[in-house]
Each structure stands twice: as C-alpha cells, then as structure tokens.
Amino acid sequence: MGMGSPKSKSSSPMASSKPPTPSSASNHQARRRRRRCLLATAAVLLALAVVLAVLFLTVLRVRDPTIRLVSTQFVGAAPRFALLPTPSLRLNLTLLVTVSVHNPNPASFTYAGGGHTNLSYRGAHVGDAQIDPGAVPSRGDAEVRVALTLETDRFVAAGDVRQLAEDVESRAMPLDAATTVPGTVLLFGLFRRSAVAYSECRLVFAVMEMRVQSHECNSSTKL
C-alpha cells in the first residue's frame, strides 16, 4: 500500500571481524615452537654431518703401518722322504722371524684369526708362513713372530738351476713375501670395522748364516 519493505542493514567489515580466541593464539604459538624445534634439529644434524665429514677426512683416514725386522732365528731342518711320484728326499727349513709393526692410526687392529704369508723365489712358490693371532695398539708398536718354512726342493723346481747355483754361490737368495692379515679395527673403543692388512716384502736370505739379511716392505690397510 505505498509502504516499502524494511531495508536490511548491511554489516560492515569492522563489525564482522572477531578478536582471536585464546585457543587460536595457543595453536599459533604451538606452530611457532614446532617450527623452531625443526630448525634447531636441522641445524644440529647439519653440524653433526660436518663433524663426521671432518672426522672421516682426518682421524679416520687410514695411514699405512711400518714394519721393521728385529731378529731371525734358525729353528731347524726337517727332512722328508717321498716315494711318489718318484723317490726323493725333501728338506724343509724353518726360521722364526720377529718383526716390529708400528701402527700410526688412532684405531687399534686385532687379528684374532692370525694371518698367512706366501713365500716365492723368483716367481716360484717355495714356502709358507703362519702368523699367530694378536693385536697392534692404536698409535703404538707390537712385535709379530712369523714362522717361515722353506721347502728346498721347490727352489730346484723353480726351473733355472743355473740362477739358483749363482744365488747360492753369492750366499744371498732373494725372496718375496706376500702377507694378508684380516682383522678388526676398533676406533675410540666404540666403533668396530673389518679391515685387511697387506704387506709386500722383498727379503734377502743369507744362505750360510740361515737368516734374513735384509728386507724392504710396503704395507697397506684396506677397510
């Protein structure tokens, strides 16, 4: 009848906004604490990675051991008579060689299973040596005794009898000793890791004195 419908009052943006409730403020603070905790954890992990990298490049870098000949003792000779394939008399010579091993690494090396050495004369296998179980302390020295067994018939079987006669006449025979010693490395008394020590030695055996006259070794360790 001429009267219009009442107009609805529009709400202003200022009237629609509500102050934050205590629960929403608490959630915001919790998110900020979690973010800070994650950042702190990431920083610690990064610092730990850097420390481990530096430790690996410096302390954990394996340095080769050094070997020094201490003494040589002739233990004895053991003749053996063989019937096959042809009757022959064989003679084994046994030497007890003591060497000093210096370990420059900050980790000790334990070889519970011992080790083994192959002896060769001008490329021909002429004997073996067994290494007893033992240990070398970190940044320390240890004496290792090696029982060398030389099979004299194998020297003749090497093929060059003339060269053998010349070596015997000169009273000095060249021998090569390849040693493998598997063991365990213990770092700081906490970390264990398998390792294998290798040694390649050039020996000069004095025939008349029955001893190792000189030696030159190259040693290495593989983790």
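R33 is exposed, with a relative accessible area of 52%, in a model that is predicted. This arginine lies in helix 2, which spans residues 22-57, and R33 is one of the residues that form a positive surface patch. The protein as a whole comes to 4 helices and 10 strands, and buried residues make up 26% of its 223 residues.

**Overall architecture**

- Read along the sequence, the secondary structure follows the pattern α-α-β-β-β-β-β-β-β-α-α-β-β-β.

**The positive patch**

- The positive surface patch is formed by R31, R32, R33, R34, R35 and R36.
- R33, a member of this patch, counts as exposed because its relative accessible area of 52% lies over the 50% cut-off for that class.

**Aromatic pairs**

- The structure holds 2 aromatic pairs, and one of them is formed by Y121 and F155, whose rings are 5.2 Å apart from centre to centre, with 50° between the planes, in a tilted arrangement.
- This pair links distant parts of the chain, since Y121 belongs to strand 4 (residues 115-121) and F155 to helix 3 (residues 152-157), with the two 34 residues apart.
- Both partners of the pair, Y121 and F155, are buried.

**Backbone positions with positive phi**

- Most residues other than glycine have a negative phi.
- R139 has a phi near 50°, a positive value in a residue other than glycine, and its place is in the loop between strand 6 (134-136) and strand 7 (140-151).
- The side of the question that concerns accessibility is also settled for R139, which is exposed, with a relative accessible area of 58%.
- M210 likewise has a positive phi, near 55°, and is a residue other than glycine; M210 lies in the loop between strand 9 (191-206) and strand 10 (211-222).
- M210 is partly exposed, with a relative accessible area of 23%, and it falls in that class because this value is neither under the 20% cut-off for buried residues nor over the 50% cut-off for exposed ones.

Terms used
Residues are numbered from 1 along each chain as its sequence is written. This is a predicted model: local features need pLDDT of at least 70, side-chain atom pairs count only at pLDDT 80 or more; totals for chains, interfaces and linings use all residues. Side-chain values use heavy atoms; hydrogens and water are left out. Buried means under 20% relative accessible area, exposed over 50%, partly exposed in between (1.4 Å probe, protein chains only). Patches are made of residues with over 30% relative accessible area and no salt bridge: like charges are joined within 9 Å, nonpolar side chains (Val, Leu, Ile, Met, Phe, Trp, Tyr) within 5 Å. Accessible areas come from the Shrake-Rupley method with a 1.4 Å probe; for residues, only the protein chains shown count as cover. A salt bridge is a side-chain nitrogen of Lys or Arg within 4 Å of a carboxyl oxygen of Asp or Glu. Lys and Arg count as positive and Asp and Glu as negative; His and the chain ends are not counted. The place of a charge is taken as NZ of Lys, CZ of Arg, CG of Asp or CD of Glu. Rings of Phe, Tyr and Trp (its six-membered ring) pair if their centres lie within 6.5 Å; planes under 30 degrees apart count as stacked, over 60 as edge-to-face and the rest as tilted.
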